[in-house]
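Here are my notes on this one, as promised. Have the model open while you read.

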Amino acid sequence: MLLMASTLNAQIITGYDGGMMVHSGYVAGEIAPLEQKTQGFTFGIGGVARLHLGKHFRVGGEGYLSSLNLLSNKSFTKLGWGGALVDCYFTFKKCSPYLGVTIGGGSATSVIMKEGNTKDWIAEEQLVYNKQALMVIDPFIGAEYAIAPSMAVTVKIDFLLGFSSKELYVPRGPRLYLGMVFKH
């Protein structure tokens, strides 16, 4: 029985990979209760781990943290998210284009200082802090280029969609990811 389960597992799981990526992209939105526009270039980092199923499918998980600076006084909004992913890929020599989706959750945190000084130790009266839980659906498309049998450079573009039972103020827009993936 153990031999049969081991053989079946070897036929289904054909490998695994994982790595780190940095990202940036132009996002925009508005925090309606404050009438505060949230737009600009977001920057972040995160990673991915996947099991290869057969020749064309992968399942796994990924997670990222993305920050957007606002105003000129250290105000910010950041988004941390992660979840389960599934994608399909095809390999043409050293290049492997892929298409997939991540479904999961995370939180959006905003710290907005309307007036004040970040260099003193005086309490600010015009500071707003808000943190919201959210669910995410994150479709993506990308490609990997093998630079060694066990290493690839990966590039992908996503468009994260956040959902919540309350009003959600998360800037939206495409993000471009660049990273390294190590394969086995």
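The points below cover the ground rules, a buried histidine, the nonpolar cores and the cavity.

1. This is a predicted model, so to speak on its own terms: local features need pLDDT of at least 70, side-chain atom pairs count only at pLDDT 80 or more, and totals for chains, interfaces and linings use all residues. Residues are numbered from 1 along each chain as its sequence is written, and side-chain values use heavy atoms, with hydrogens and water left out.

2. Look at His23, in strand E1 (residues 13-31); strands are DSSP E runs of at least two residues, numbered from the N terminus. His23 is buried at 4% relative accessible area (buried is under 20%, 1.4 Å probe, protein chains only). Its side chain makes a polar contact with that of Ser66 at 3.1 Å (N or O atoms within 3.5 Å, one able to donate a hydrogen and the other to accept it; residues adjacent in sequence count only if both atoms are side-chain atoms).

3. The largest nonpolar core has 12 residues, including Met21, Tyr64, Trp81 and Leu85 (buried Ala, Val, Leu, Ile, Met, Phe, Trp, Tyr and Cys joined through side-chain atoms within 4.5 Å). E4 gives the most to this core, 3 residues. Apart from it lies another core of 5 residues, among them Ile31 and Leu68.

4. The largest cavity holds about 80 Å³ (points on a 1 Å grid over the protein atoms alone where a 1.4 Å probe fits but cannot get out; lining residues have an atom within 4 Å of a point; the volume is the space filled by probe spheres set on the points, which are joined across faces, edges and corners). Of its 13 lining residues, those closest to the centre are Thr77, Lys78, Leu79, Pro171 and Arg175.

Note on methods
On a 1 Å grid over the protein atoms alone, a cavity is a set of points where a 1.4 Å probe fits but cannot get out, and a pocket is an open set with protein on both sides within 12 Å along at least five of seven lines; lining residues have an atom within 4 Å of a point. Helices (H or I, at least four residues) and strands (E, at least two) are DSSP runs, numbered from the N terminus. Buried means under 20% relative accessible area, exposed over 50%, partly exposed in between (1.4 Å probe, protein chains only).
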